[in-house]
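Let's take a friendly walk through a protein model, stopping at a few residues along the way. Have the sequence and the 3D view open as you read.

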Amino acid sequence: MRISIFGLGYVGCVSLGCLARNGHDVIGVDVSSFKVELINSGKPTILEKDIDVIIKDGYERGRISATTCADEAVNNTDLSIICVGTPSSPHGHLDLSYIYKTAEQVGKAIQKKETFHTIVIRSTVMPGTNQKVGEIVEEISGKKRGADFSVVSNPEFLREGFAIKDYYHPSITVIGGDHNYAIKKVASIYQGLDAPIEITDIKIAEIIKYVNNSYHALKIAFANEVGNVCKAVSIDSHKVMELFCKDTRLNISTSYFKPGFAYGGSCLPKDLKGFLTLGHDNYLNTPVLRCINNSNENQKKIAFEMVEKTGKRNVCFIGLSFKEGTDDLRYSPSVDLAEMLIGKGYYVTIYDENVRLSKLIGANKAYINERLPHLSSLISNDLNMAIKQNDVVVINHKNFDASTYGHLLKEKHAVIDLVRINEIECLPNYEGLCW
């Protein structure tokens with residue numbers, strides 16, 4: 001394939017070399033004549049393991065060239081990859097001016113082009129950038145998106161120092177687009193790589209890099225705070241984290257990575273508080289660990305505000321224990337939410353198939369007596385009636401039987417889903433907590 005790459009910085013130079021190595025004819029485009037001259041001399045624009053050999057080889061085989069002229073590059077290629085920089089402003093916003101300038105250049109270049117052109121955004125951008133690029137290209141070129149060109153989002157996941165290895169051995173290749181021909185064209189670039197290709201929505205493809213890197217930053221900060229606490233009590237932090245990483249069922253896994261309601265139960269709140277106290281007793285500041293509970297409380301606040309926004313006062317709770325399949329009410333976020341609502345004058349009816357007041361004992365009973373002393377007057381054993389008698393339904397448990405009770409929800413003013421029941425998402429009165 002004939003490919004043009006806009007931006008000969010880190011991502012652009014690596015893409016230029018690797019695509020040429022894979023048999024494509026690649027033209028690099030950059031406003032810097034110095035970078036263009038380097039490529040046209042068979043030399044890379046960056047320092048990276050193996051890139052010098054790859055660029056030299058591609059240049060000598062006649063597969064690599066560079067230019068400062070966007071028209072020349074676009075009109076001699078079928079596909080353009082945008083790899084220009086998106087630096088941060090002092091306030092944290094991205095400077096997308098280089099992206100939009102490139103979109104103008106591509107738009108001008110395809111004005112007289114008769115063949116379909118595919119534009120690929122490889123740079124890290126904010127959701128909505130793909131759409132904006134399409135609008136700019138349409139305005140400048142007079143061409144129509146979907147008929148004459150398409151814009152595809154294809155984020156990169158290259159680490160400096162490992163960029164060549166990461167290019168050829170990615171964990172996943174993400175492609176977001178709205179045009180099948182263009183999506184297939186981009187996917188063909190990655191044929192032969194040992195990694196799954198995930199076709200997804202454009203905005204998902206645009207945001208995933210931010211989610212990835214934010215989590216990577218969180219992991220580093222978390223490990224550092226664990227290390228600080230361990231050092232303070234003379235424990236080898238590296239051995240602790242080596243043991244931590246051996247649990248691939250819960251710790252290093254997909255567990256707990258579904259957006260939803262707050263955590264609760266007898267373990268997570270207590271043990272987090274204990275670990276924080278250990279750090280505090282040793283005069284340590286642990287801001288990441290300390291903010292976990294703040295974030296959890298905020299999720300409860302969001303749920304309360306969703307109920308408040310309905311303007312209705314009669315609320316049916318489906319599920320009260322901290323998770324389905326148990327009667328454990330200790331530190332249940334649903335108990336906290338019910339307590340908030342009752343305190344604000346709402347009338348709450350609660351259905352939980354596992355909660356039977358006569359069977360509550362010990363710490364579980366003591367906890368609910370303190371938080372919801374009048375629970376007996378709130379509990380209903382008839383879900384059908386509980387739904388019918390209230391205006392707002394809040395679903396706290398995943399084991400809600402939509403096939404049996406889903407039809408009752410249609411008549412309610414609002415259905416607030418805190419766990420994501422897929423079967424009821426089509427209801428016009430439905431709202432998910434964070435989806």
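Our first stop is Asp57, which sits in helix 3, the stretch covering residues 51-60. Helices here are DSSP runs of H or I with at least four residues, strands are runs of E with at least two, and both are numbered from the N terminus. With a relative accessible area of 33%, Asp57 is partly exposed.

Before going on, a word about where the numbers come from. This is a predicted model, in which local features need pLDDT of at least 70 and side-chain atom pairs count only at pLDDT 80 or more, while totals for chains, interfaces and linings use all residues. Residues are numbered from 1 along each chain as its sequence is written, and side-chain values use heavy atoms, with hydrogens and water left out.

**The whole chain**

How many helices and strands does the protein chain have? There are 17 helices and 13 strands. The chain is more spread out than a compact globule, because its radius of gyration is 28 Å, well over the 22 Å that the globule rule gives for 435 residues. The radius is taken over C-alpha atoms, and the rule is 2.2 Å times the number of residues to the power 0.38. Along its principal axes, the C-alpha trace spans about 80 × 60 × 40 Å.

Of the 435 residues, 46% are buried. The accessible surface of the chain is about 22,900 Å², and carbon and sulfur atoms hold 52% of that; these areas come from the Shrake-Rupley method with a 1.4 Å probe, and for residues only the protein chains shown count as cover. Now think about contacts, meaning heavy atoms within 4.5 Å. Among contacts with a separation of 6 or more, 69% are between residues 24 or more positions apart.

The mean positions of the 49 positive and 51 negative charges are 1 Å apart. Lys and Arg count as positive and Asp and Glu as negative, while His and the chain ends are not counted. Each charge is placed at NZ of Lys, CZ of Arg, CG of Asp or CD of Glu.

Is Lys300 buried or exposed? Lys300 counts as buried, because its relative accessibility is 4%. Lys300 belongs to helix 12, residues 287-310. Leaving aside neighbours within four places in sequence, Lys300 is in contact with Phe261, Ala262, Pro333, Asp336, Leu337 and Met340.

Leu408, in helix 17 (residues 402-409), is buried as well, with a relative accessible area of 8%. Not counting residues up to four places away in sequence, Leu408 touches Asn384, Ile387 and Lys388. By contrast, Lys273 is 135 residues away from Leu408 along the chain, and 41 Å separates their C-alpha atoms.

Asn314 lies in strand 9 and is partly exposed at 27% relative accessible area. Residues up to four places away aside, Asn314 touches Tyr347, Asn390, Asp391 and Val392. Its C-alpha atom is 53 Å from that of Ala103, which is 211 residues apart from Asn314 in sequence.

Next come two residues other than glycine with a positive phi: Tyr256 and Tyr331.

**The cysteines**

A disulfide is a covalent bond between the sulfur atoms of two cysteines. Here the rule asks for a pair of cysteine sulfur atoms within 2.5 Å. How many disulfides does this rule give? The count is zero. Cys267 is in no disulfide, and the nearest cysteine sulfur, that of Cys230, is 20 Å away. Cys291 is in no disulfide either, with the nearest cysteine sulfur, that of Cys434, 19 Å away. Cys267 is partly exposed at 45% relative accessibility, and Cys291 is partly exposed with a relative accessible area of 41%.

Methods
Buried < 20%, exposed > 50% of the residue type's maximum accessible area, 1.4 Å probe, protein only.
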